[in-house]
Every structure is written in C-alpha cells, then in structure tokens.
There are 2 protein chains.
Amino acid sequence: MILKSQVEWALHCCAILAGLPEGRYLSTKALAEFHGLPKEYLSKALQGLSQAGLVDTALGPSGGYRLAKPPADLTFLDIVEAVEGRQRTFVCTNIRANNPCRPKDYCESSPCAVARIMWAADEAWREKLRGVKLSDLVGILSQEIPPELWKSSFEWVLERAG
Amino acid sequence: MILKSQVEWALHCCAILAGLPEGRYLSTKALAEFHGLPKEYLSKALQGLSQAGLVDTALGPSGGYRLAKPPADLTFLDIVEAVEGRQRTFVCTNIRANNPCRPKDYCESSPCAVARIMWAADEAWREKLRGVKLSDLVGILSQEIPPELWKSSFEWVLERAG
DNA sequence: CAAATAAGGATATTATTTATCCTTGATCAA
DNA sequence: TTGATCAAGGATAAATAATATCCTTATTTG
C-alpha cells in the first residue's frame, strides 16, 4: 500500500506555487523542470489539483497554475485527496456474509466491526493531514533551506512565471 | 492506495482463531471455507502471520493454525503489518535534489519536510491500530453477533479443529 | 503406509501505476 | 491576423503490484 508518486509531486509543486507573487502563473513545464519530473505525467497531477479547485489555471503564453486560496487555507489533506482520491485504504468485502452458519435471509445491521476499526485508523491519518497547512510547510522550508538556495530558487521561478 | 484484501482475511481469521480452545489447531481449508476465500491464496496470508510469529502451526492431520499469544497481546497493527509489510505509505524520492539551483556538492542534512509530515500521518494510522487488541474485536463481535449465529459458528469451527 | 497438513517456489492473470503521444481550444504577443 | 504557448483530456503503452493457481517437499497423525 503505497501512495502515488504524484502525491509527492503535487505537494512540492504547491510549495512552489505558494511563493508565487499575486496574480502570476507558473507552467507545468517550469514545475517539471524544477523538480526533474516528466512533464506530461506531472500534468495529470496538476489537473487533479485543478479539478479539486485547489489551483487556478490560465491558458496561453504566460499561463500556468497558481493557488486558488491562501496557503493557510490549503491543507495537506486537500492536496493528497485531490491527487490520490478520497477512497479509504481498507475495503470491506463483507466476508462475514460467507459464514456457512449464517441464515440465508440474515441481514447485517451495521458495517463489519473489522472495517469500522480500520476506517477509524484511516480517519486518524486524514485528521493528521488535515491539521497541516501548506503555510506550515512553507514556514518549515524557509527555516531549513539555506538562504542562498531559497533566494536563487525564488528567482529561478520568477524568471519563468507569467 | 488500498490495502491488500489479505489484510481483511487475516483479521477475520485471527478473530476465529481467538475463539479456539487451548491447544487446538484450525486448518487453512477450514478458514477458507468459513470465509468463502480461495484456499491457496489465503494460505499466503497465514504464512505471513506465521513468519511474524503471530501464530503457531502444526503439520499433518489435525494440524493447522492457532494463535501464538493471548488475544489481548495481539494488536491490529501486528496483524496488518504481518500481511501488508511495514513500509510507509509515503515514499520520498527526494525530488528537492533535482532543484537546478542546488549546488552540486550540496547535501541535505535531514529528511525532506514533506516526507516528515506524511510519515507523521502514517504513524498516526499505526498508532491507532496499535491501540486496538484482537481481544477488543472479539468483545465487539460477541456483543453484535446474534447468540445463535455465534454459537453455531463456534460449533462449526470446533467440528473441524484438530 | 496413506491421508492430511504447512511451507514455499513457479507461473499466470488482472488491476493499478507510470508514463508517452496526440488533439483541441484558449490566450497572448508581435 | 498569425504563430507560439498553454491547460485539458483522450488514447495507448509499459512497468509494477495484487490476486490468484498449481505443484513439490517435508512433516505428522492414525
């Protein structure tokens, strides 16, 4: 059970978009080049963000992506779910129903106890991601990344932002 | 990102084994029949439990599986990890290293901030599963399952336990 | 000795992930 | 107006993981 690599890509792309000046856009091409990723496939991840309403897009030269909301209003969960989907990690196939002792007309009243427990763990995972904002990530990165690298990266992006 | 169906199977099988009288074993065949599962493939899941030391096995007629510990000493996490593995759901490919502005001799001191956040969510998931014992599940099931079904299932298992 | 069992290797099938390629319609700048 | 650039998305292919099935081996029981 492993998350799609697109989740990692989307999170890093959002971190870059969070540093973009108001009203400007960054293209898939620039984001792919900055992160060393395949442009066409990264595009699918960005389309996921777009469909979820997390980013705005603009066509044509100087077009691309920008955040649709302030970084403080975007959670990790928003981004992860936009790319990975909202499905639970545990799928209950209700195998209790195969019990040979079970009456044929018997109907379970509530979801299987096993599923309820596994789903509670899923929810704990979601809750943790819901508690981290994109702005939190930017705060950590601005502390950890050396100032020169931070500055040169910002300039690299600005040169390519429409 | 979906857990293997074998995780569901293993959890239900452990719930059955928890009801087995001291010193007796239940075969893959019986467990597969009880849950309506493919015997050969279920066998792989049970081998996972065995390799993790969660169950004891016995060969020959009247052989099979039994729990290696009391149900109160077996957590959901034990069972899930035995089948699914202990790998994290988020794999960091360190794409920050592809940043074209990064000096060639530059070396990151600590894991990527994105990975640390995602791993913290993984840990919250694990912590939730670590907090649920197999005995808790048995307690819930004994409350929820109608007494006749509970009883007949127990008898069905006893008839086949070696 | 014969039947039943777990363990595990080999292989096949199916689904999912990871791409790549191409077309369409919108946008912008010259 | 024209040509370059862009996002969106459909079609397809390749690689990887999940889901099986089959078979052999060694062990145990009656």
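A residue is counted as buried if 20 or more other C-beta atoms lie within 10 Å of its own. By this criterion, 32% of the 162 residues of chain A are buried in the present model, which is a predicted one.

The overall dimensions of chain A were examined next. The radius of gyration of chain A is 21 Å, whereas a compact globule of 162 residues would have a value near 15 Å. Along the principal axes, the C-alpha atoms of chain A occupy a box of roughly 70 × 35 × 25 Å. The secondary structure of chain A consists of seven helices and two strands, and the order along the sequence is α-α-α-β-β-α-α-α-α. Among the contacts in chain A with a separation of 6 or more, 73% join residues 24 or more positions apart.

Chains A and B were then compared. In general, two copies of a chain are related by a rotation about an axis and a shift along it. The copies meet through the same surface, because 100% of the interface residues of chain B are also interface residues in chain A.

The contact between the chains involves 43 residues from chain A and 43 residues from chain B. On the side of chain B that touches chain A, two or more residues are given by each of the chain B elements α1, α2 (28-35), α4 (76-84), α5 (113-130), α6 (134-144) and α7 (147-160). The largest share of this side, nine residues, belongs to α5(B). Sorted by class, the side of chain B that touches chain A contains 27 nonpolar, 11 polar and five charged residues.

Elements of both chains give two or more residues to the surface near DNA strand D: α2 (28-35), α3 (39-51) and β2 (64-67) in chain A, and α1 (5-17) and α3 (39-51) in chain B. With four residues, α3(A) provides the largest share of the surface near DNA strand D. The residues of this surface comprise nine nonpolar, 13 polar and three charged ones.

Note on methods:
Residues are numbered from 1 along each chain as its sequence is written. Chains are lettered from A and ligands numbered from 1 in the order in which they are written. This is a predicted model: local features need pLDDT of at least 70, side-chain atom pairs count only at pLDDT 80 or more; totals for chains, interfaces and linings use all residues. Two residues are in contact if their C-beta atoms, placed from the backbone, lie within 7 Å. Ala, Val, Leu, Ile, Met, Phe, Trp, Tyr, Cys and Pro count as nonpolar, Asp, Glu, Lys and Arg as charged, and the others, Gly among them, as polar. The radius of gyration is taken over C-alpha atoms; the globule rule is 2.2 Å times the number of residues to the power 0.38. A residue is buried if 20 or more other C-beta atoms lie within 10 Å of its own, exposed if 12 or fewer, and partly exposed in between; C-beta atoms are placed from the backbone.
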